[in-house]
Amino acid sequence: MLIQVMTMRVLFVCLFVVNHVVVQIAQEIKGDNLARELDKVADSVGWSFLQNEYNNLRYRETNIDGQNRVREIAGKIGGRMIEVDNALKKLKEAVEEDQLSSIEAPQDCCVDGNYQENIRFRTQVSEANFCYSKPSYVIGNNIRYPSTKVLEAMKTNLNVKHLQFQYIGLKSGLYINYPATKLTDCDAYDPRFRPYYVSTTTSTPRDVVVVVETSASIRGEYLFEAKHAALTVMESMGVNDRFGLVVFNDIAKTLVGCYENQLVPVTSATKKSMREFLTSQIGEGGANYAAALRKAFMFFKSSTEGLTRDQILLFVTDGGNSGGNPLEVIRDENQALQNRVLINTYGLGTRLSTDDVNLLRNMADQTLNSDSYGHIKRGKIFSNLTSSSLREKMGTFYDDFSVPLSDSPTYTQPYKDFFINESIITGCLPVTLNAAFTGVVCADVLVSELVAEILYLKQDEISYAFIMDGEERTLVHPLLPDPRDVTGKEQNINNIYNFETSGDVFEVINSMKKGLDGNRTLQKSIIETRGQTYFDGDSQRIITANFYWTPIVAPGSNLSLCIVMEQNSDLGKIDALLQPLDGDFLYHRWDLNQWPAPFCKHFSRYATQAKSTVKLTPDAFKEASSYTGITETEVRVRQYKEYLSGDLFTNPGLKASAIQSIRLTYPMERFWTTTSREEAPYLVWRYVATQDGVMRVYPGVRLTDDYDYKLRPWYHRTVSQKSVNVISAPYEDSWGSGRVISLTKTILQGLNGKKIEAVIGTDFSLYYFKQMIEDIYPICTNKTKYNCILIDNSGFLVMHPFFIETTSPLEGQIHITYLEGRISRSLISKEIMYKQPCRDTENKKEQITYRVKLPQSSSNGIVDSLEGYELRPVNGSNVFLILKQRGLNDEDRCCTSEYFTSPSSIKCGSGRCTCLCYEDLLFDECKNEYTNMDGFVPCSPQLPTLRSVSTPEEDKTRNLPTCFPTDCSCRKTERECFRTSGCSWCTSSNEGYLVNGFCDLKEICPSQQCIKDDCSPKCCGPECKQSSQSKGNVGLYVGVAVGVCVLITIVITVAVFFVRKRNSDGLDNPKHNTYLEPTSGIDMTHISTIENDSYHTTPTEQDSYHTIPDSHFGYMNGNSNARTNMETS
């Protein structure tokens, strides 16, 4: 017995040494071991294989002629604007020739019709008809409509691809829309109040001041309608117009602040402020006309550009002047302005006396003014107006009889279309009937189609391009929201100097404003997104840049284009044309071409195991507009395939470089279906995306039709961190593969190349990644004492116990400041993690993100014994490894906001360690500009969200086998389970109760929690057969079990008897008392952990995550070094 006791003690001591000494030595972890394993993951998806393919190519460098390139792009954009001009003139001619000859009303836009979904218009339309609407206050039986001649002109205009809806707005308030579609709010919609209509009525910008009485006599419905009419005028203002608002009773009031004494542009911010101010007014007191007019003229006197603008005052009252002589005020104030101001008066209601009406008429006629101070502009009086007619009369305040009948279209600034929420501009021409202005014909133009060459510039070819008008307003710029973004909002802050901040750029801007062309070399800071702006922030680099600019020549255009190229940049082209290979192109549309078997279900996707599929984006085409917004057909897909195979000689529009990319990436298919699938079955997806608009993915699946990887954070995150393994934060895969992590890496152009040709990537399970880390670093399994954490170089958590423990979906990234306040503060104090601000231009905020970077003096990492952690770089990647000693204050947080809260809605606190957050910036709403432009770097806009529509595949995947092995139930350990992408280790029921871990399909427990009621292990192979046989022998087994139990009971009884007898015989013998001694001095808490932890199996040098294990896998290559090199922190 003594020997047994001593043996047990020696064992306990050995385990204690292993657990406390070896582990303590292991506390200094090295990132190189994980770096090597990440390289293996990259190679398992084919990074080295594909990079070698590109290394074997010969490239021919070609210089880019910037001046010719800018003229070429400007010519294409100008050509599209000429097409718009021709379409508008064709429609104008049709309307004027038709003379509104039809008395038969067309389809009513406000009722349901026979409409079909249309990919071009992104809504249900009928291209066979137009429809009409009119506001409720437009009445009468003599309304006339356009005939089929006008309809045929509209149909012909559909040949202009970048045109959207066409419409006619008439002076009567009638509105014609083509194609016909279901509209909303028809009773209130009046085309005469819209900026596109109003801006066509003049070529001169306007200053408009509305004066509204708010006395006690105008309360109720009249006050409501007066407010509504004032807001209608404000909404009708064009981009060059300015607005002022005065309310009065006994005293005159304006909005406070900068609004008190200056006219303001009509932006979303000023409209919001005006609306809130007007809504807050109540009817009380008298009506002091003189005070109101003095306040109104103050706005006109503050204008420094009054001589070049139309200045109009709109005065609303229900009568009963109670203070001063308004005619004298008009005389004194307007004569000081050379009688520039025109006054319209509006008498509301039936209580107006004759004296009230006469006074309003004299105010409009300015009867006390003298022509010697300047020509008097006589206004109009509208008296005895009902509440319903006031809005119509005020909304059409402009003088219809002086409309300039221009032959060139008038264009609006970009705004969000009602149907598609993409950015459009509207071009309009005035229409005359009987030589008098009758209305406007207009057409919407998709900005993304108009400027397609700019949106799809190849990054290595041109750094970026922008378009501005003669008023310094920016139409397109990489720092403006993408015009395709369906979730963005309209951009009001668009002055070019918000985005072009180089010191000498004003010379370029001034030349562009004058419509000149030229070129100049400047030092330029290039801002490029690192992923998601509010999370990853931007990167900056200083380059010597060549600016090339030229005007965009077209009727109605005052636009200029500028392209910016890095000096001495050239274009690398592959020297030889690659020959087609059989089967190198299988298009991703299973509905438009035949896929080869075997078919399978890859999580929720219909897939083919035999091939990879190819998705083309607009970058793959010579003319991006020949691909976007066009319905793909079997014929078109057949053309792609036949041209690529050499069976068709007519190119369907593909770039030569895209064809090369299809052929260059084809060898990846064989690699993925053989080597990668065998050596790395844990990979969920394998994909490569080239700069030329070619994406190849395995298993072959269908992507959404408008999928464009260049608009995805993972692509930008990889491109901005060239040549390193870029690891993403974990996320929930929308295609059903659970909680995954992505690894992506750039493919460069040839040997020692600096230009990016492609990005290759893969996804794998978060839980597999956890296993990988624990096998590389055994200390990570000691969860009672340590946490192993990974963060990326923006401070976001890549691996953390929270991701493993939580059963709630991961709705986004989580920053280290949310979960590790102690470490965050330490990193900030050491200036390893620091804030990176940028100016969110449209939202008037300074947005804060973080960067993590080790100083040169600590390039191998740091150890902070006080805070109990160490941080090591994982070289060749974007992540850092942290080993943290668990402590009492582990719940400490810098950021107390809810997880997944957008940083744009979190105000920064006062401490150094805060959430990702924002600070407000000083902004002058009235001038629509920042108070201080110095020292701020603009943020990149959020990456756009496109209007994607996924095709349902449930019917196609029903009853299909999975693309991965289905032997999950045969995998008896957690590490074996996660070795296959389709398996998951189930640890809790759908109600959250813990269960004994077992392996099952990922669709059963995608995040280790069962989502079905049955949460129990399944039988495997022979087990299932034994289980079936056992059902027929229940009685036999029960009998045998009872017999065995009886025998065991007898044996135990006899053994106990002899043991007790022996103990009683030797009770006084001290040699037999040692087993009673306590084991004090040895910590038993971790012994059971080590004995029962399957991760502490003996490693073999042959085992790796990239070879097939016989039954389970142990430590990875090089792990013995990792263990011996660990030192006490």
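User: Is Y398 buried or exposed?
Analyst: This is a predicted model, where local features need pLDDT of at least 70, side-chain atom pairs count only at pLDDT 80 or more, and totals for chains, interfaces and linings use all residues. Residues are numbered from 1 along each chain as its sequence is written, and side-chain values use heavy atoms, with hydrogens and water left out. Buried means under 20% relative accessible area, exposed over 50%, and partly exposed in between (1.4 Å probe, protein chains only). Y398 has a relative accessible area of 2%, so Y398 is buried.

User: How many aromatic pairs are there?
Analyst: Rings of Phe, Tyr and Trp (its six-membered ring) pair if their centres lie within 6.5 Å; planes under 30 degrees apart are stacked, over 60 edge-to-face, and the rest tilted. By that rule, the count is 39.

User: What is the arrangement of Y197 and Y398?
Analyst: Y197 is in helix α6 (residues 195-198) and Y398 in the loop between α12 (387-395) and β15 (410-411), so the pair ties together parts 201 residues apart in sequence. Helices (H or I, at least four residues) and strands (E, at least two) are DSSP runs, numbered from the N terminus. The ring centres are 6.2 Å apart with planes at 45°, so the pair is tilted.

User: Which ring does the charged end of R839 sit over?
Analyst: The rule wants NZ of Lys or CZ of Arg within 6 Å of the ring centre and within 35 degrees of the ring normal. For R839, the charged end lies 4.9 Å from the centre of the ring of Y930.
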